[in-house]
Amino acid sequence: MLKSLPARADLSSYLPGFAVAVLVAVTAQFLSDHYGAPAMLLALLLGLSLNFLAEDGTRTEPGIAFTARTVLRLGVALLGARISVDMLADLGGPAILLVILGVVFTILFALLASRFVGRAWRFALLTGGSVAICGASAAMAIASVLPKHEKSERDLVFTVLSVTVLSTVAMVVYPMLSQLFGFSARDSGVFLGGTIHDVAQVVGAGFSVGIETGETATLVKLIRVSMLAPVVLVFSLAIRAKGLADTDAGGSSPPLLPGFVVGFLILAAVNSLGLIPATVADLAGSLSRWALLISIAAVGIKTSLKKMFEVGGGAIALIVAETIFLGVFVVGGIHFFTG
């Protein structure tokens, strides 16, 4: 499911860096609980301020690299425990179709729009997939199958930071828009769950409107999360077909699906069969959130803030345009399907 853990003799070298990432994550959660800012955003910003801890030769560097990679994969895999086939029946055909089309067309829009702002297809897939599916966790899963280049880490951190900020803005603005559009409680849930990037902000926005809206928004958002594995598989197949996939030291290509995405699918299948009790699924969801928060902190620590400023205005314009496109698409879809 996940790459094998390091030998016990090596674990001690990872502990300092892992401990720093955990401390940053706990601090971010504390600040989030007391001041209302998104924990993911705070973890990333705090991490960026500690970039010196990831420099070569520091005691914390190995553990930070390990946490940014392996703990991240664990967090994405555990998301699968919250996904089930029953969700599809609860939501209904038209809404499911709208969610799927929103994901597909947002990614296609990203590929098209990236040409006008001078960004490469890798960046388009990374930002488009994160906007279309589930924000930071999607960005990190997609980054694992994209061919690596010298700016891969910077692009990932930029994408995570951007979708988190945009999600926070949407959490405040979109509920007001749903009232302006005159949406019913259910349509408001479809709108919020179908457009806001991160799960936590979807929940916050949905339940700020009402219980029915919050439940519908959460359900729609989890349907978008379930698109993660198919999208990663399609990206992986396309990259392999073009002969662009990274190879290991032996010259062999990586598997079509990373192990943690396979783990995501297995947990989703087991949950669909009703074999995961609700309490266990809730625990897996909580563990997933903490694993992602810790790994986001580590990714932030690994990234130089100076390099972040090199990303350029075109990249910012692209991810904002993708967000607006998804919002317009879902609003149009709601009017079309509920007409």
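**Exercises on rings and helices**

In this predicted model, R119 lies over the face of F123, at 4.4 Å from the ring centre. The exercises below turn to other rings and then to a pair of helices.

**Exercise 1.** Find how many aromatic pairs a search of the whole structure gives, and decide whether the pair of Y14 and F66 is stacked or edge-to-face.

*Solution.* The search, which covers the whole structure, finds 9 aromatic pairs. In the pair formed by Y14 and F66, the rings are 4.9 Å apart from centre to centre, with 20 degrees between their planes. Planes under 30 degrees apart count as stacked, and the pair of Y14 and F66 is therefore stacked. As for position in the chain, Y14 belongs to helix α1 (residues 8–35) and F66 to helix α3 (residues 61–78), so that the pair links distant parts of the chain, 52 residues apart. Finally, both Y14 and F66 are buried.

**Exercise 2.** Name the residues that form one aromatic cluster with F105.

*Solution.* The cluster that includes F105 also takes in F109, F325 and F329.

**Exercise 3.** Work out how helix α7 (residues 136–143) and helix α12 (residues 228–241) are placed relative to each other, and which residues meet.

*Solution.* Begin with the axes of α7 and α12, which come within 10 Å and cross at roughly 30 degrees. Angles under 35 degrees count as roughly parallel, and α7 and α12 are therefore roughly parallel to each other. Next comes the handedness, and here the crossing of α7 and α12 is right-handed.

Conventions
Residues are numbered from 1 along each chain as its sequence is written. This is a predicted model: local features need pLDDT of at least 70, side-chain atom pairs count only at pLDDT 80 or more; totals for chains, interfaces and linings use all residues. Side-chain values use heavy atoms; hydrogens and water are left out. Rings of Phe, Tyr and Trp (its six-membered ring) pair if their centres lie within 6.5 Å; planes under 30 degrees apart count as stacked, over 60 as edge-to-face and the rest as tilted. Helices (H or I, at least four residues) and strands (E, at least two) are DSSP runs, numbered from the N terminus. Buried means under 20% relative accessible area, exposed over 50%, partly exposed in between (1.4 Å probe, protein chains only). A charge sits over a ring if NZ of Lys or CZ of Arg is within 6 Å of the ring centre and within 35 degrees of the ring normal. Axes are lines fitted to C-alpha atoms, for helices over the stretch in contact, and angles run from 0 to 180 degrees between N-to-C directions. Angles under 35 degrees count as roughly parallel, over 145 as roughly antiparallel, 65 to 115 as roughly perpendicular and the rest as oblique. A crossing is left-handed if the near helix is turned anticlockwise from the far one by less than a right angle, and right-handed if clockwise. Contact means heavy atoms within 4.5 Å.
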